[in-house]
Amino acid sequence: AEKQVVAAPPPDPAAVVACQQLVEAAKAGARPKVLALCTPGSAKVLGKGRATAALLRQIGACECGEARYDGDKAAVAAVMKAKAGDEARDLPFAKVAGAWKFDTAAYMEKYAPSKDKKGKKGKKGKKSPESGANKKTE
């Protein structure tokens, strides 16, 4: 016990476990169970209807990978299986009262379904005019 090698703490699997539980609940279409695994206020963010259904489909198609931690936030690298091809996504989690919860607001901000909300694709105010995104002259 003379050599005290301080190894890096093993990766906390808690966010990955939370991700797997979320994916299973989403696959089953169990909205109340999904909301129980989400940060407070998620029901308000999701609303009812198509946005929730779209989110459940997206999350249910994911396979959880490794988690990266930054204090009380985590991002679980996931692969969303889709007919059009697999897509890598970072699923955001936040620690709430000692448990990892899916951060719905952060996810929706990053991956909001574009078809469900009119004009939500960042037409106004999202890109700064200096970026010249709409002024391609070539």
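Q: Which residues are buried in helix 1?
A: The model is predicted. Helix 1 covers residues 14-27, and a residue counts as buried under 20% relative accessible area. The buried residues in helix 1 are Ala15, Val16, Ala18, Cys19, Leu22, Val23, Ala25 and Ala26.

Q: Which strands do the buried residues of helix 1 pack against?
A: The buried residues of helix 1 pack against helices and strands. The helices are helix 2 (31-36) and helix 4 (50-60). The strands are strand 1 (62-70), strand 2 (73-80), strand 3 (87-96) and strand 4 (99-102).

Q: What does helix 1 reach from its first C-alpha to its last?
A: Helix 1 has 14 residues. At 1.5 Å a residue, 20 Å is expected, and the computed span is close to that. From first C-alpha to last, helix 1 reaches 20 Å.

Q: Which cysteine does the disulfide join to cysteine 19?
A: A search of the whole structure finds 1 disulfide, with an S to S distance of 2.0 Å. The pair links distant parts of the chain, 45 residues apart, with cysteine 19 in helix 1 and its partner in strand 1. The partner of cysteine 19 is cysteine 64.

Q: Is the disulfide of cysteine 19 and cysteine 64 left-handed or right-handed?
A: The torsion about the S-S bond of cysteine 19 and cysteine 64 is about -80°. The disulfide is therefore left-handed.

Q: How far is the sulfur of cysteine 62 from the closest cysteine sulfur?
A: Cysteine 62 is buried, at a relative accessible area of 3%. The closest cysteine sulfur is that of cysteine 19, too far for a bond. The distance is 6.9 Å.

Methods: Residues numbered from 1 in each chain as written. Predicted model: local features only at pLDDT ≥ 70, side-chain atom pairs only at ≥ 80, totals over all residues. Heavy atoms only, no water. Helix = DSSP H or I, 4+ residues; strand = E, 2+ residues; numbered from the N terminus. Expected span 1.5 Å × (residues − 1). Buried < 20%, exposed > 50% of the residue type's maximum accessible area, 1.4 Å probe, protein only. Contact = heavy atoms within 4.5 Å. Disulfide = S-S within 2.5 Å.
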